[in-house]
Amino acid sequence: MDFTLTPEVDALRASIRKFVDDRLIPLEADGANYDAHENIAPGVLARLRGEARAQGLWALQMPVARGGRGLKLAEMAPCYEEMNRSIFGPVVFNSAAPDDGNMMVLERVGTEAQKARWLQPIIDGAVSSSFAMTEPMDDAGEGCGSDPALTYTKATRTNTGWRIHGRKWFITGADAARHFMLIARTSDDERKGLSAFVFDAGQPGWRIVRRIPIMGPEEHGGHCEMEFDGLEIPDENRLMEVGDGLKLTQIRLGPARLTHCMRWTGLARRALEIAMDHANKRRSGTGRLIERESVQALLGQAGMEIQTGRLLTMHAAWKLDQGDFARKEVSMAKVVVADALHRAADTALQLMGARGYSKDTPVEWIYRYARQARLVDGASEVHRMVLANFMRREGTAFFGWDAHG
Ligand SMILES: Cc1cc2nc3c(=O)[nH]c(=O)nc-3n(C[C@H](O)[C@H](O)[C@H](O)COP(=O)(O)OP(=O)(O)OC[C@H]3O[C@@H](n4cnc5c(N)ncnc54)[C@H](O)[C@@H]3O)c2cc1C
């Protein structure tokens, strides 16, 4: 494995860095640039999306023929990392979750007709999208979460398609999304019991019950609870085959988890940059804070953890680019990068003292946001369990090398 960037990818990375430094980071200090949920305000977002697109810094993950830049995952990693050095970054470049993961899976599994109807408008930035899988727990303790086998939202066959009854929650972006992907139960089969569908927000038979208040800043459209009470979905809006819902989810989650890691690495780096700046300036006794060994130990540890997560991310990206599912590698990257983000945000906040706890810098924003990283797209405990199961199955092969020939 050689993670050296090609001149083209490095130039793209540098352009994104410049855009983030010049156009996004300066906006963060002014409250007028935020919406009511601590994200970039819609008008400001529209303007900056236009600028990013005009510079070709748009939908890097999508094929050139569809208006993107056709990057492989290992090429996306350095670019996504640069994007999220600003808390406003990814959405400006059309690389934020959940659109990012939704676009990648639709490109992978959709028919040409489905791509034209459901994918292209997301790439064009004309609509946003949501992925609806997780369910609130019912009285019996059931409901899709870490265990998709507990899914109770049902899709029942009709003459022309499917009728949906059930509930979903924590659906990111649902209050603003036009295109929804939905996972529902179509049979009791253990492996083939779930199927995937797409529907439009304008269809009747569903509603948003509430936008769930959360501890951190929110993606546009929030995190919503949804109720399905007879939503009709024509069969042509089923993705893949009946029973392939879990398969689609796995196809989506590999790259989607990894692009989270890429973005979080950038966010972690930013937190450390702010802390380094502070530690360099702040007087401590006759010197500066940065000269204190205990401060250096904190910064060195945080930097090392970011680099560890970054290497795991690149390895997983490289494997996915070879056509591997990279389940082990993605799980390792997800756990380590989520922890690295926590460490970096906590270190930054600590070293900045009271200023870190204030809203004068984005560090407290990053600190609150970071907490979800250990939960979303698989809790860390579940990823560790997945890894342990691989070790049990593979034995010494778990630590096997990738060898030529
Ligand atoms: C900010 C945010 C955004 C989200 N966006 C979306 C979205 O867009 N679409 C969507 O479908 N979902 C979304 N989710 C839901 C998220 O994917 C789930 O929260 C996650 O899968 C965990 O499911 P759960 O909350 O039901 O927790 P549970 O499954 O109830 O698990 C609770 C805890 O139990 C432990 N645990 C669970 N299983 C095991 C195990 N096997 N071994 C050991 N420990 C275990 C873990 O510590 C876990 O955190 C979002 C969640 C958050 C917080």
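Does Met240, judged by its C-beta neighbours inside 10 Å, count as buried, exposed or partly exposed, and how many such neighbours place it there? With 17 C-beta neighbours inside 10 Å, Met240 counts as partly exposed. A residue is buried if 20 or more other C-beta atoms lie within 10 Å of its own, exposed if 12 or fewer, and partly exposed in between, with C-beta atoms placed from the backbone.

The model is a predicted one, in which local features need pLDDT of at least 70, side-chain atom pairs count only at pLDDT 80 or more, and totals for chains, interfaces and linings use all residues. Residues are numbered from 1 along each chain as its sequence is written.

Met240 lies in the loop between strand 8 (238–239) and helix 7. Helices (H or I, at least four residues) and strands (E, at least two) are DSSP runs, numbered from the N terminus. Met240 is not a glycine, yet has a positive phi of about 55°. Ala326, also not a glycine, has a positive phi of about 50°. Ala326 sits in the loop between helix 8 and helix 9, and it counts as buried because it has 23 C-beta neighbours inside 10 Å. Another backbone feature is the cis peptide bond from Ala97 to Pro98, with omega near 5°; Pro98 belongs to the loop between helix 4 and helix 5 (99–109).

The helices come next. Helix 3 (residues 73–83) is largely enclosed by the rest of the structure, because 11 of its 11 residues are buried. The cover over these buried residues includes helix 1 (7–24), helix 4 (89–92), helix 7 (245–281) and helix 8 (293–321).

Helix 9 (residues 327–351) and helix 11 (residues 363–370) have axes that come within 9 Å and cross at roughly 145°. Axes are lines fitted to C-alpha atoms, for helices over the stretch in contact, and angles run from 0 to 180 degrees between N-to-C directions. On the helix 9 side the contact is made by Leu341, His342, Ala345, Asp346, Ala348 and Leu349, and on the helix 11 side by Val363, Glu364, Ile366, Tyr367 and Ala370. Two residues are in contact if their C-beta atoms, placed from the backbone, lie within 7 Å.

The largest nonpolar core has 112 residues, and those with the most contacts inside it include Ala271, Leu341, Ala345 and Ile366. Such a core is a set of buried Ala, Val, Leu, Ile, Met, Phe, Trp, Tyr and Cys residues joined through C-beta atoms within 7 Å. Not counting residues up to four places away in sequence, Ala271 touches Ala344, Ala345, Ala348, Val363 and Ile366.

Among the strands, strand 1 (residues 129–132) is covered on both faces: Ser129 and Phe131 on one side, and Ser130 and Ala132 on the other, are all buried. Strand 1 pairs with strand 4 (residues 179–185) in the parallel sense over four bridges; two strands pair if DSSP finds at least two bridges between them. Phe180 in strand 4 stands opposite Ser130. Phe180 counts as buried because it has 25 C-beta neighbours inside 10 Å. Its C-alpha atom is separated by 7.1 Å from that of Ala132, 48 residues apart along the chain.

Strand 7 (residues 223–234) pairs with strand 3 (residues 161–172) in the antiparallel sense over 10 bridges, with Pro234 the bridge partner of Gly161. Strand 7 also pairs with strand 6 (residues 206–211), in the antiparallel sense over five bridges, and there Arg207 stands opposite Glu227.
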